[in-house]
Amino acid sequence: MEVKGTIFSINGPVVKVVGSDGFKMYDQVFVGSERLIGEVIGVGDKHTVVQVYENTTGLKPGEEVVSTQRAMSVILAPGIIGGIFDGIERPLKVVEKQSGAFIERGLTVDPVDTTKKWKVEILAKVGDSVSGSMIIAQTPETLQIMHKVMVPPDVSGVIEEIVPNGEYTITDSIAKVKTASGKTVDIKLMQVWPIRIPRPHNGRVNVRRPLMTGQRVIDTLFPLAKGGTAAIPGGFGTGKTMTQHQLAKWSDADIIIYIGCGERGNEMTQVLEEFTSLSDPKTGSSLMDRTALIANTSNMPVAAREASIYTGITLAEYYRDMGYHVAIMADSTSRWAEALREISGRLEEMPAEEGFPAYLSSRLAAFYERAGYVNTLCKKEGSITVIGAVSPQGGDFSEPVTQNTKRFVRSFLALDRLLAYSRHYPAINWLSSYSEYVEELTPWYEENINEKFMGHRTRLIAILQEEANLNEIVKLIGSDVLPDDQKLVLQTARVIREGFLQQNAYHPSDTYVPISKQFLMMDIILYLNEKAREILSRSIPISQIIKTGIFEEIISIKYKVDNENLGKFDEYRALIDKACSDVIANNEVIKR
Amino acid sequence: MNIEYLGLKSVSGSLIVIEGIKDASFEEIVEIKTDEGGSRMGKIIELGGDYAVVQVYEGTRGLSKTNTVTRLTGRPMELGVSKEILGRIFDGAGRPIDGLGKIFAEKYIDVNGKPMNPVSREYPRNYIQTGISSIDGLATLIRGQKLPIFTGNGLPHDELAVQIATQAKIEGANRDNFAIVFCAMGVSGDVADYFRKKFQENGVLERVVMFLNLSSDPVGERIITPRCALTAAEYLAFEHNMHILVILTDMTSYAEALREISSSQNEIPSRKGFPGYLYSDFASIYERAGMLNTGSGSITQIPILTMPNDDITHPIPDLTGYITEGQVVLERNLYQKGIYPPVSVLPSLSRLMKDGIGEGFTREDHPDVANQLFAAYSNVQEVRSLASVIGEDELADTDKKYLEFGRAFEREFISQGRDENRDIDQTIDLAWNLLKILPREELSRIDSKILDKYYPAENTP
């Protein structure tokens with residue numbers, strides 16, 4: 001039976017509908033004669049409330065609203081990777097063909113090409129009993145990603161018919177499954193899944209592998225875990241987007257879903273351009289071969305901004321179910337929260353803090369909870385790592401979105417305005433950031449990199465902390481009056497800051513640094529610290545070591561030693577030894 | 001459909017409510033006539049079963065429940081455009097006010113614009129030389145960028161905007177095909193006159209389109225002024241392939257107008273009484289800057305906003321900064337030291353700079369030099385605060401050098417004449433002269449090869 005109503009009132013993206021009691025919560029509807037896409041977000045006594053995902057200019061009361069009778073869903077099929085979509089999965093390249101450089105309203109476009117033939121390899125046979133998410137076929141989606149064709153999660157039964165290997169479109173039926181209740185279900189390359197419902201899995205597993213990003217301050221000091229959650233808060237100009245781009249480029253996930261949520265149009269263009277031309281350090285193929293972009297720029301309709309986050313995570317879950325490690329970058333979750341606030345305001349709901357609705361924290365929690373390292377239904381391991389940027393108002397971390405996010409994420413990479421002002425990038429503050437994954441990941445680091453890794457890390461943080469304490473004194477009396485051993489702490493901390501924490505995203509060998517090199521860099525800095533301390537114990541003033549220029553030499557390692565040429569670290573070790581023995585020898589001469 | 005409705009249900013601020021209305025569409029334009037004669041325009045901002053809330057652009061003075069006749073026009077707010085608009089002056093709603101008669105419109109365009117498809121955008125890379133060292137060297141303006149000036153009352157932001165507009169020089173395809181769209185929102189008549197006079201003096205007036213909503217003009221109209229201006233800009237840039245520089249001043253007045261209307265609609269306020277959709281609304285203005293991959297035209301925006309109480313964390317500069325591609329911040333302290341333009345270097349930033357400078361664009365050493373200047377000047381601030389505690393004499397030698405560098409940097413690099421036009425080579429060479437005040441080993445941000453070329457080791461004091 002068709003569910004239909006008429007528009008009663010319009011207020012921005014919120015439309016109230018009368019004339020039918022049949023609308024269900026979160027069902028997708030078509031609004032007005034232009035058939036704008038909307039979603040039911042409230043069923044009231046008199047009205048049904050619909051949020052519209054497109055600009056509502058020109059809508060009239062009395063126009064028809066028709067329910068599609070299914071929840072707001074996305075289409076999951078090969079063809080997603082490499083694409084760029086809006087917040088409700090309309091491919092922007094197809095939109096461009098239909099409406100030109102500016103986006104029109106009321107467009108109906110297929111999320112993925114339904115005419116393209118995919119070369120499908122069948123992996124199951126007639127008579128096999130299958131259950132939800134079991135893989136029955138596969139097709140190369142891009143050079144890098146093998147798309148696994150799965151039985152939809154809610155289907156199980158026996159394969160009655162299956163097609164041979166060959167070329168099929170996403171709407172072709174490739175198999176028929178007879179379920180226990182006697183129904184026959186067609187299996188296609190394509191599935192439909194509602195965006196607000198997490199796809200099922202077979203239980204969570206503890207995180208135990210890091211998400212390697214090639215960024216020293218992250219991998220070494222505040223590691224991310226595959227299946228973990230992280231937030232990157234920072235005021236404007238502190239480099240949130242830059243950091244997200246670096247993570248999207250270099251992290252060792254199989255698939256990246258990049259959600260530009262309420263951000264700049266030029267940034268999405270840049271990602272698209274840059275990722276198409278850059279190649280993946282692991283496989284050598286284009287970065288777009290493992291990336292899908294979701295772009296709801298700040299001037300696109302606000303309701304679709306709210307949906308874009310869910311669209312993104314549903315795509316991620318789909319690839320996770322195939323056994324891939326997926327990383328999601330959401331830039332920025334604050335814009336999503338503001339979209340919630342805007343809609344909530346138009347519904348005249350009672351606001352909680354700063355006008356945000358009271359359900360802000362539960363929505364944030366539900367979103368981050370969809371991250372995780374899981375056993376999939378098809379008995380593989382897959383993970384979703386969520387990295388959300390947060391744009392706190394006025395750069396003040398005490399505002400509701402940052403505070404609520406902090407409760408649900410386990411890595412917190414705080415970007416600092418003062419560091420950004422002095423162009424220390426990435427401007428991640430080493431004193432206020434943290435990662436709760438350090439403990440869980442320690443065995444991996446010790447096994448795969450070096451057993452001294454975590455010890456070195458602790459030492460590094462201790463030196464930086466000591467520097468912060470000393471700086472309090474320096475601010476009052478200057479650094480000249482400090483005793484030499486404390487001056488050495490300041491020098492070493494400077495080497496750590498400039499030679500290790502600072503990383504140049506535009507330098508070919510510094511933009512991505514493998515973890516093995518990160519360890520060696522850390523090791524050599526601590527070696528220098530050790531040797532310098534030895535010299536001080538002979539009552540030789542620190543100024544003499546500084547004069548040799550060895551500290552600057554070590555700082556410049558990040559540019560001078562290629563990622564492939566790690567043998568060079570031995571030369572630097574020799575350089576330190578020589579500088580130190582020279583200083584000692586000189587002093588012997590002076591003494592005599 | 002030409003039904004006229006007699007009378008209003010209520011009038012509040014710049015909003016009126018019409019009852020018994022039929023077949024109205026959301027955001028359409030309503031014509032309002034009173035018994036005093038003359039017609040006004042308004043936009044439907046909320047539609048209920050049989051009522052409409054209309055925001056009247058020209059204000060509601062003189063409207064009563066009975067003396068008013070309203071008519072639905074059936075279309076959104078549109079601006080008539082043709083190439084004739086160059087050199088003309090319009091009011092805040094796009095009507096000519098220079099006494100030169102009507103525009104013979106080639107077409108009418110919805111002023112609200114439509115979002116640009118990110119796929120159709122061209123990522124901006126070509127830099128614009130403004131001739132101002134602090135901008136060219138440290139926060140380079142890129143064609144197609146939106147780079148606001150964050151300023152305070154009494155600071156020389158207008159002078160700076162004029163200097164940028166008149167000195168701006170671009171390279172590449174149809175570089176002489178440029179125009180300026182000037183949009184005044186709630187600024188005083190003096191400011192508008194100042195801009196007009198300066199454009200005239202510089203002989204560019206026939207390439208300027210002005211939209212003026214002065215501080216005495218209605219608040220409702222202020223909401224559409226930037227939209228009219230940007231529609232004109234889009235028309236010139238994307239249909240005539242021109243390079244358009246849009247100056248929007250003052251965004252603070254615009255935001256306050258938005259707040260005024262929001263509160264008369266009884267909306268739930270978020271920070272400082274501004275509506276929750278301030279960000280989206282700002283974005284609908286700022287995001288109209290850019291370039292398309294289908295043509296060679298561009299829109300570069302320089303919005304000016306006065307930070308209330310010089311507070312950069314106030315919602316207006318804050319939300320702006322999240323949307324625009326950087327910002328140029330002016331600082332009162334510097335201005336009081338007699339430095340013009342008083343650009344506060346550390347918080348100023350151009351996000352697009354990284355892809356538009358360096359080899360092939362400006363000069364190979366530009367990125368490193370800029371980076372080093374920032375780092376060194378940031379250190380100057382630390383040394384200064386130390387010196388204020390222990391006195392300059394007690395400082396270490398290097399720190400003393402930093403103080404010297406800081407002073408010279410402010411006096412020679414940031415400061416320049418109001419008509420002094422430095423090209424990029426002059427700017428970068430000047431930077432090197434200043435950096436040489438510091439010992440060579442302090443310049444850790446500069447690649448050693450570049451350092452060898454511009455600051456050879458034997459120069460070390």
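Which residue of strand 26 of chain A does His325(A) stand opposite?

What you see is a predicted model, where local features need pLDDT of at least 70, side-chain atom pairs count only at pLDDT 80 or more, and totals for chains, interfaces and linings use all residues. Residues are numbered from 1 along each chain as its sequence is written, chains are lettered from A and ligands numbered from 1 in the order in which they are written, and side-chain values use heavy atoms, with hydrogens and water left out.

Back to the opening question: His325(A) faces Ser383(A) in strand 26 of chain A. Helices (H or I, at least four residues) and strands (E, at least two) are DSSP runs, numbered from the N terminus. Two strands pair if DSSP finds at least two bridges between them. Strand 24 of chain A runs parallel to strand 26 (residues 381-390) of chain A, and six bridges join them. Strand 22 (residues 255-261) of chain A is also parallel to strand 24 of chain A, again with six bridges. There, Ile257(A) has Ile328(A) as its bridge partner.

How many of the seven residues of strand 24 of chain A are buried? Seven of the seven are, so strand 24 (residues 325-331) of chain A is largely enclosed by the rest of the structure. Buried here means under 20% relative accessible area, exposed over 50%, and partly exposed in between (1.4 Å probe, protein chains only). His325(A), Ala327(A), Met329(A) and Asp331(A) point one way from the strand, while Val326(A), Ile328(A) and Ala330(A) point the other way.

Now to the antiparallel sheets. In chain A, an open sheet of four strands has the order 12-11-9-14. Its edge strands are strand 12 (146-150) and strand 14 (166-168) of chain A, each pairing on one side only. Strand 9 (residues 118-122) of chain A meets strand 14 of chain A in the antiparallel sense over three bridges, and Val120(A) has Gly166(A) as its bridge partner there.

Chain B has an open antiparallel sheet of three strands, in the order 12-11-14. Strand 12 (141-142) and strand 14 (169-170) of chain B each have a single partner strand, so one side of each is left without a neighbour in the sheet. Two bridges join strand 11 (residues 127-129) of chain B to strand 12 of chain B, with Tyr127(B) opposite Ile142(B).

On to the aromatic rings. Across all chains, a search finds 24 aromatic pairs. The rule is that rings of Phe, Tyr and Trp (its six-membered ring) pair if their centres lie within 6.5 Å; planes under 30 degrees apart count as stacked, over 60 as edge-to-face and the rest as tilted. Phe397(A) and Phe412(A) have ring centres 6.2 Å apart and planes at 85°, so this pair is edge-to-face. Phe397(A) is partly exposed at 24% relative accessible area, whereas Phe412(A) is buried at 3%. In chain B, the rings of Phe195(B) and Phe199(B) have centres 6.1 Å apart and planes at 45°, so that pair is tilted. Both lie in helix 3 (residues 189-201) of chain B, four residues apart, about one turn of the helix.

Finally, charges. There are 63 salt bridges over all chains, where a salt bridge is a side-chain nitrogen of Lys or Arg within 4 Å of a carboxyl oxygen of Asp or Glu. One of them joins Lys249(A) and Glu274(A), at 2.9 Å from N to O. Lys249(A) sits in helix 3 (residues 240-250) of chain A and Glu274(A) in helix 4 (residues 265-277) of chain A, 25 residues apart. Lys249(A) is buried at 6% relative accessible area, and Glu274(A) is partly exposed at 22%.

In chain B, Glu364(B) and Lys453(B) form a salt bridge whose closest N and O atoms are 2.7 Å apart. Glu364(B) is in the loop between helix 10 (353-356) and helix 11 (366-390) of chain B and Lys453(B) in helix 14 (residues 448-454) of chain B, so the pair ties together parts that are 89 residues apart in sequence. Is Lys453(B) buried or exposed? At 54% relative accessibility, Lys453(B) counts as exposed, while Glu364(B), at 30%, is partly exposed.
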